[in-house]
Amino acid sequence: PFPLTDEQISGFLSTNNEEVVKEVYFIAHKLYNYEMDRTKTLDGKATSLFSFVTAFLTAIFVVLNLASQYTVSHPLASSKFYIFLVFVLVGCLSATLISLYKTVVVSDAWRAPGEKDLFESIHDLDGHGDKLLSNSGHNYRRFLTEHYWKLYKAGHFGNETKASQLHRSQKFVFVSMAVLVVIVIKIVLDSPIMTTKENTTTTPVKTQPTAASPRPAALPVSSSGIKVRESVERPAPIQASSEGTTKNLSEKRPPAIKP
């Protein structure tokens, strides 16, 4: 973007037209200030992207922790496609951090007018010690115009590098977001909840009815007309004693009364 060399610019500025030099000086100074404002804007965008990447990394760790807790028959950790996506995600985020570091790192490309440029050149341009030159202000402004133009070029190249790195970082962040969306979709599809829902939609298995238990045998009828089982022991019959009371035969009879 700068085809002219410093020697060619110095040759073009060697003119006695004060109005032209004033205009060129105003333009060079304005471009220099514009690049300074541009640097602030790029650094602000890079700082905001740093905050976004930090939050993005937190979300990724949460998702990976959630995925590691699944214990299905075919876990996600055993999927080669899932491992490939994780590696792509980590690689994109690492490249993003490197590009952001190159964007916001303090660079020595920026220069500001120094004391020598502002003060030592005064005596050389106004004829100090001899007869003062009538066009000393014009000569000094022409010198500063060349100086500010060199500072503008240095700042322009530095900002172009910052903008390139920031643009690359934004691309990496976009790819990382797309990969994270694919990972989340795969986690949802392979989660135990989804597999359970798929199993509930299958055709239920028909179970055969169990065979009826056999009925117990009929009870025999006793002499008293009551149905009892043969295993139940019948009580001894009761007979009348000499005293007119009914007692079981197993009971001991009292002795007879003597006259």
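Is the crossing of H3 and H5 left-handed or right-handed? It's left-handed, meaning the near helix is turned anticlockwise from the far one by less than a right angle. Keep in mind that this is a predicted model, where local features need pLDDT of at least 70, side-chain atom pairs count only at pLDDT 80 or more, and totals for chains, interfaces and linings use all residues. Residues are numbered from 1 along each chain as its sequence is written, and side-chain values use heavy atoms, leaving out hydrogens and water.

**How H3 and H5 pack**
- The axes (lines fitted to C-alpha atoms over the stretch in contact, with angles from 0 to 180 degrees between N-to-C directions) of helix H3 (residues 80-104) and helix H5 (residues 136-189) come within 8 Å and cross at roughly 160°.
- H3 and H5 are therefore roughly antiparallel, a label for angles over 145 degrees.
- Helices here are DSSP runs (H or I, at least four residues), numbered from the N terminus.

**Salt bridges**
- The whole structure has five salt bridges, each a side-chain nitrogen of Lys or Arg within 4 Å of a carboxyl oxygen of Asp or Glu.
- One of them joins Glu160 and Arg38 (2.7 Å, N to O), linking helix H5 to helix H2 (residues 18-68) across 122 residues.
- Arg38 is buried at 19% relative accessible area, while Glu160 is partly exposed at 34%; buried means under 20%, exposed over 50%, and partly exposed in between (1.4 Å probe, protein chains only).
- Glu35 joins Arg38 and Glu160 in a salt-bridge network.
- Asp43 and Lys162 also meet in a salt bridge (3.2 Å, N to O).

Terms used. Helix = DSSP H or I, 4+ residues; strand = E, 2+ residues; numbered from the N terminus. Parallel < 35°, antiparallel > 145°, perpendicular 65-115°, else oblique.
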